[in-house]
Amino acid sequence: MKKVLTTCEFCGCGCNFYLGVEGGEIVAVYPSFSHPISQGRLCIKGWQGHEYIHSPERLIAPLIRKGNRFREASWNEAYQLIVDKFNQTRTRYGNDSVAVLSSAKCTNEENYLIQKFARACLGTNNVDHCARLCHASTVIGLATTFGSGAMTNSINEIEGADVILIIGSNTTEQHPLIGDRVLRAITKGAKVIVADPRQTQVAKLSSLYLMHKPGSDVALLNGMMNVIIAEGLEDKEFIAERTEGFEELKKTVASYTPERSAEITGVPEESIIEAARIYAGSKKSIIVYSMGITQHTTGVDNVMSCANLAMLTGNVGGEFNGVDPLRGQNNVQGACDMGALPNVFPGYQAVTDEKMRNKFEKAWGVRGLGVNLPSQSGLTVVEMLDSALEGKVKAMYIMGENPMVSDPDLNHVEEALKTLDFLVVQDIFLTETAFLADVVLPGVSFAEKDGTFTSTERRIQRIRKAINPLGDSKPDWKIVSELSSRLGYPMDYKSPREIMDEIARLTPIYGGISYQRLENFGLQWPCPTPAHPGTPFLHKGSFSRGLGKFSPASYKTPAELPDVDYPFILTTGRISFHFHTGTMTRKDWALDREYPKGYAEVNSEDAKELGLRNGQTAKVISRRGEISLPIRSTEAIRKGVVFIPFHFAEAAANKLTAANLDPVAKIPEYKVCAVRLELAL
Amino acid sequence: MKLLNKANLAPFLERLRPEFEVVAPLYEGQDILFGDLDSSQLATDFIGKPRLSPKEYLFPQRERLFTFNVCPESIEIEAHFNETKRVIWGVRPCDLYGLKFLDLVYLKDYIDPYYQARRANTLLLGLNCNEAEESCFCSSLRTGPFAKEAFDLLFTDLGDVFLVEIGSRAGEKLIEKGANLFNLATSKEREKAKLLEEKSKKTFKTSIDLGKIKAKIAAASDNPVWAEEAVKCILCGGCNWVCPTCQCFNVEDIKAGHKTQRIRYWDSCQLGGFTQMAAYNSRAAQAERLRQRIYHKFSYNPDKYGGEIGCTGCGRCTDVCPAGINIAYILRRVANE
């Protein structure tokens with residue numbers, strides 16, 4: 001049996017394991033015991049979640065739509081059809097009539113290529129990916145306050161913290177190996193404070209649990225800061241030497257007395273005071289947050305408030321203190337780093353900056369073709385769909401994403417995708433989105449290609465090819481290169497290694513990265529030169545932007561509040577056995593067996609009042625749609641709140657959610673919308 | 001007893017190759033895992049155990065049992081028995097016990113033909129432990145650190161040479177294949193091995209009182225330890241996946257065209273979906289599932305198999321637990337409360 005060391009394809013922890021290969025099939029998994037994060041441990045997805053690779057449902061040939069069905073086609077025919085349609089569309093409606101969705105499941109090299117494809121080949125900045133739906137607010141919020149939108153610590157540093165404030169992160173379920181570090185910290189005596197409308201596993205293990213109302217995060221954090229300033233617990237030296245804007249913060253949080261904060265959040269005053277004292281009482285305090293902070297119309301405000309709290313107490317820039325957004329996908333950090341975003345080139349270099357455009361125009365050789373790179377920021381995920389409905393976006397290229405399950409307000413998404421003149425989907429399965437495509441191109445799983453993923457702690461790591469691509473499928477980087485070449489912009493890469501060399505030349509934070517240097521479990525960016533050892537924690541001595549900028553925010557209510565007709569708040573999320581739209585995990589017997597279908601978690605008192613018994617099927621209805629699914633009544637959720645995991649297409653939570661966006665980050669408010677519940681007859 | 005120079009181990013194993021697939025602990029980067037012999041990666045001087053037991057060579061993580069084809073007239077079935085002749089070197093005493101225990105499960109009352117085919121073709125070459133790892137507690141269970149049975153050959157590391165004990169005629173035949181590499185051992189080396197065994201027993205950092213556990217376990221069902229530890233469980237199944245004695249499996253039919261493959265996978269009693277084929281998992285709470293795992297090994301197994309416990313003392317379940325659930329800690333709570 002051959003053993004191939006690789007990086008897990010599910011969450012952002014970046015665990016490593018060996019795939020055991022026999023007769024061209026993956027037959028075993030062995031965790032890496034020497035890997036800094038895995039240390040011999042994996043979650044169930046790592047141990048048992050790779051059966052989808054050999055699923056008979058894998059796409060193994062290109063498909064072309066024929067009426068309501070698909071027929072198999074040769075690569076040549078599929079490529080030619082795309083070339084003709086994309087050329088027609090661009091000639092008739094301009095370059096920006098095409099939009100591209102990249103994938104946080106794909107490698108850095110593939111993300112780099114597809115944004116290069118969008119910008120240099122198609123001539124549009126309309127390129128985005130699902131980071132828009134998870135951490136767009138982090139990228140902006142932390143860039144504003146600190147100058148860099150990534151987790152400031154390394155995962156292992158969490159184990160050394162004295163205080164861990166977890167807000168809006170179901171850590172043990174969603175980032176199990178980071179949850180492992182939280183549990184180890186607890187064993188060593190750390191105090192863990194958890195703020196979440198749901199009493200998650202980590203909340204049950206915490207020393208202080210705050211069950212706040214969904215969307216009241218700014219009020220909660222401002223309340224804590226109010227207490228810290230009132231009691232003189234702030235770090236005056238840190239504030240004076242390393243930050244700016246403290247007076248404005250002080251002014252803003254002055255009105256968030258514990259009393260007022262308690263009223264907005266529903267958390268008892270004394271708990272807010274206690275949380276503030278515990279957090280400010282150590283110089284080894286870490287904030288861990290995730291979608292509970294980011295997926296709001298106030299996502300950026302929430303993120304900045306976390307950063308404010310950290311700066312106020314001098315708890316950032318050290319080995320055991322910092323602000324740690326946990327990235328959800330295996331390579332969502334990398335997809336952002338690679339510039340699969342409408343406003344930046346790789347390495348967060350702005351497309352609106354002429355100097356940057358010059359640099360990339362030269363490096364990508366577009367001038368020789370008489371083309372300039374587009375100078376205006378492009379469209380974000382939700383805006384692309386809105387523009388499709390408005391008739392401005394006519395064609396889309398979607399690589400490895402499934403907006404028909406993952407995006408908010410699915411009826412609207414479906415309408416938008418159906419309005420398109422031409423849709424290409426590149427995926428490993430005929431997903432709900434691929435089902436609407438005109439051409440479907442078969443990509444491959446992580447086990448069938450080489451490349452790199454960047455984990456949530458900025459660790460760039462290798463994935464290694466274990467088996468050959470199934471059937472006629474091709475590695476995604478190859479598909480993009482071949483298509484680009486046929487569209488008149490040649491991409492002639494022999495291997496992902498060669499692509500990484502180009503990335504390193506153009507991306508300062510990846511400047512010192514080469515495959516050779518990644519052999520020993522990778523490097524953490526920034527890693528600007530070939531001799532640089534990588535950076536375990538950020539902002540040591542000074543922030544990326546120089547001084548840290550206090551960016552006070554006032555509490556704003558979520559966009560859609562409960563009312564008489566829709567009296568409950570719906571909040572959505574994931575469960576540990578499934579991943580995102582379930583295209584992979586639902587094909588795995590062990591994972592599917594745990595949760596074969598969706599459910600709605602309802603507070604037991606609410607259930608009683610509604611006359612709903614545990615296990616009964618309920619209709620959950622919002623202004624945008626309705627779904628039916630069994631309810632699970634529990635005391636571990638705030639009264640008035642309903643939780644539905646979004647993995648299940650047949651009971652898709654996103655039929656209910658609203659596409660209300662944060663005004664800056666354009667992230668949808670998945671964590672709050674109004675619904676009502678009825679017994680399904 | 002024989003002596004084999006350490007330098008002659010790889011040549012000896014290589015010499016078995018034409019006839020056997022040779023499996024041994026190998027360095028994979030800095031990890032030690034069992035794999036097909038690559039002499040340049042052979043691990044001989046490691047402390048503790050290879051990261052997974054060699055169980056998977058007899059009961060694989062994923063095994064194609066048979067393929068069937070349903071035609072209109074008939075059903076064609078092709079079974080896939082693995083009859084590869086295999087020698088596994090470097091099997092630690094805990095793992096020898098693990099396989100002895102699996103033999104009880106799969107070859108005694110109920111005979112599993114797939115396990116039987118593999119087992120009949122496998123020779124086990126043990127390797128005694130001169131030093132324990134943090135999580136090891138085999139000395140408390142008397143399954144190690146030196147093996148007394150269940151091997152074809154048994155190696156003891158005396159420094160520059162291995163003392164080799166013969167445990168079966170099949171093992172002796174292996175030595176005959178490399179006869180010129182072996183010397184006869186003297187009482188001096190046997191004495192040295194005895195001293196090493198005593199020394200090794202003193203290196204254990206983890207110990208439990210098996211007698212007390214056996215006496216108390218029946219009354220421990222309400223011990224608060226189950227709930228206290230279970231609340232941390234993240235349901236990864238790791239404790240089961242790495243256990244040398246866990247034997248539960250699930251089967252799945254994978255259909256492609258007319259052909260269906262029946263595949264057997266390791267299963268985990270810690271999952272809510274376990275025993276779902278019988279409608280549901282009767283142990284609804286995680287605390288009950290954790291208790292079941294320990295009770296199965298320390299109470300139900302000994303009842304069924306003449307006192308043999310279903311734990312080898314290898315400590316791997318503790319090593320891989322992302323929640324820090326420690327089997328020795330649980331057993332001490334059972335014994336002392």
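Guide: Domain bounds here come from an automatic or database domain assignment. For chain A, that assignment gives domain 1 (2–48), domain 2 (63–128 + 330–449 + 459–516), domain 3 (136–326) and domain 4 (568–679). This is a predicted model: local features need pLDDT of at least 70, side-chain atom pairs count only at pLDDT 80 or more, and totals for chains, interfaces and linings use all residues. Residues are numbered from 1 along each chain as its sequence is written, while chains are lettered from A and ligands numbered from 1 in the order in which they are written.

Visitor: What makes residues of chain B count as in contact with chain A?

Guide: Two residues are in contact if their C-beta atoms, placed from the backbone, lie within 7 Å. By that rule, 35 residues of chain B are in contact with 33 residues of chain A.

Visitor: How do you know that the radius of gyration of chain B agrees with a compact globule?

Guide: The radius is taken over C-alpha atoms, and the globule rule is 2.2 Å times the number of residues to the power 0.38. With 337 residues, the rule gives a value near 20 Å; chain B has 21 Å, so the two agree.

Visitor: What share of chain B counts as buried?

Guide: A residue is buried if 20 or more other C-beta atoms, placed from the backbone, lie within 10 Å of its own. Of the 337 residues of chain B, 45% count as buried.

Visitor: How far apart are domain 1 and domain 4 of chain A?

Guide: Their C-alpha centres lie 30 Å apart. The contact takes 5 residues from domain 1 of chain A and 7 residues from domain 4 of chain A.

How values were computed:
A residue is buried if 20 or more other C-beta atoms lie within 10 Å of its own, exposed if 12 or fewer, and partly exposed in between; C-beta atoms are placed from the backbone.
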